[in-house]
Amino acid sequence: MAQTNRELTGREKQKIRKLVTSHCANYDREYGCLPLDSSCYMFGICYTNSGLCKYFREAVLPTASELQAVFQQKPVRICKECGSGFPASGKRVYCSKGCAAEARRRQTAARVRKHRGKGG
């Protein structure tokens, strides 16, 4: 779980910049933040307890689960199959039913392959 009041890393700042420039509907490369009529203040955020732009928090941040965990302090697990992050709840190890089915298929194939090798 993320600590409170910590400084953002350079990589996290890069992810914020990339999210704003690619996904934010209120950002224009030429004019900056359209509602504020100035540069986007999300580029200057340095700490996890900083105030976030409401649009960024509600519409853009949910597209990046790892970064969302930094600001919302929700525990995030990494899927053992595909490697993407997802909110931790219960004993889940896979992010979706598709990943769980794929992992089960691989485990079954390995188990059967091992069993066939013993009888030889």
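Student: In this predicted model, is R105 buried, partly exposed or exposed?
Tutor: The relative accessibility of R105 is 49%. A residue has to be over 50% to count as exposed and under 20% to count as buried.

Student: Which residue does R105 pair with in a salt bridge?
Tutor: Side chains of opposite charge can pair when their charged atoms come close. For R105, the closest N and O atoms of its salt bridge are 2.7 Å apart. Both residues of the pair sit in helix α4, three residues apart, about one turn of the helix. The partner of R105 is E102.

Student: What is the relative accessibility of E102?
Tutor: E102 is placed in helix α4, as is R105. E102 counts as partly exposed. The value for E102 is 27%.

Student: How many residues apart in sequence are the parts that the pair of E81 and R106 ties together?
Tutor: The side chains of E81 and R106 meet in a salt bridge at 3.5 Å, N to O. E81 lies in the loop between β3 (76-78) and β4 (85-87), whereas R106 belongs to helix α4 (residues 97-119), so the pair ties together a loop and a helix. E81 itself is partly exposed, with a relative accessible area of 24%. The separation in sequence is 25 residues.

Student: Which residues make up the network of salt bridges?
Tutor: The structure holds three salt bridges. The linked residues are E81, E102, R105 and R106.

Student: Is E12 buried or exposed?
Tutor: E12 is found in helix α1 (residues 10-23). Leaving out residues up to four places away in sequence, E12 touches R6, L67 and V70. The relative accessible area of E12 is 13%, and the cut-off is under 20%, so E12 is buried.

Student: What distance separates the C-alpha atoms of V93 and H23?
Tutor: V93 lies in the loop between β4 and α4 and is partly exposed at 32%. Apart from residues up to four places away in sequence, V93 touches I78, C79, K80 and F86. V93 and H23 are 70 residues apart along the chain, and their C-alpha atoms are separated by 29 Å.

Student: What radius of gyration does the chain have?
Tutor: The chain consists of four helices and four strands, in the order α-β-β-α-α-β-β-α from the N terminus. Its C-alpha atoms fill a box of roughly 75 × 30 × 25 Å along the principal axes. A compact globule of 120 residues would have a value near 14 Å, but the chain has 20 Å.

Student: How far apart are the centres of the positive and negative side chains?
Tutor: The chain exposes about 8500 Å², with carbon and sulfur atoms supplying 50% of it. Of its 120 residues, 27% count as buried. There are 23 positive and 9 negative side chains, and the centres of the two sets lie apart by 18 Å.

Notes
Residues numbered from 1 in each chain as written. Predicted model: local features only at pLDDT ≥ 70, side-chain atom pairs only at ≥ 80, totals over all residues. Heavy atoms only, no water. Helix = DSSP H or I, 4+ residues; strand = E, 2+ residues; numbered from the N terminus. Rg over C-alpha atoms; globule rule 2.2 N^0.38 Å. Buried < 20%, exposed > 50% of the residue type's maximum accessible area, 1.4 Å probe, protein only. Areas by Shrake-Rupley, 256 points an atom, 1.4 Å probe, with all protein chains shown as cover. Lys, Arg positive; Asp, Glu negative; His and termini not counted. Charge placed at Lys NZ, Arg CZ, Asp CG, Glu CD. Salt bridge = Lys/Arg side-chain N within 4 Å of Asp/Glu carboxyl O. Contact = heavy atoms within 4.5 Å.
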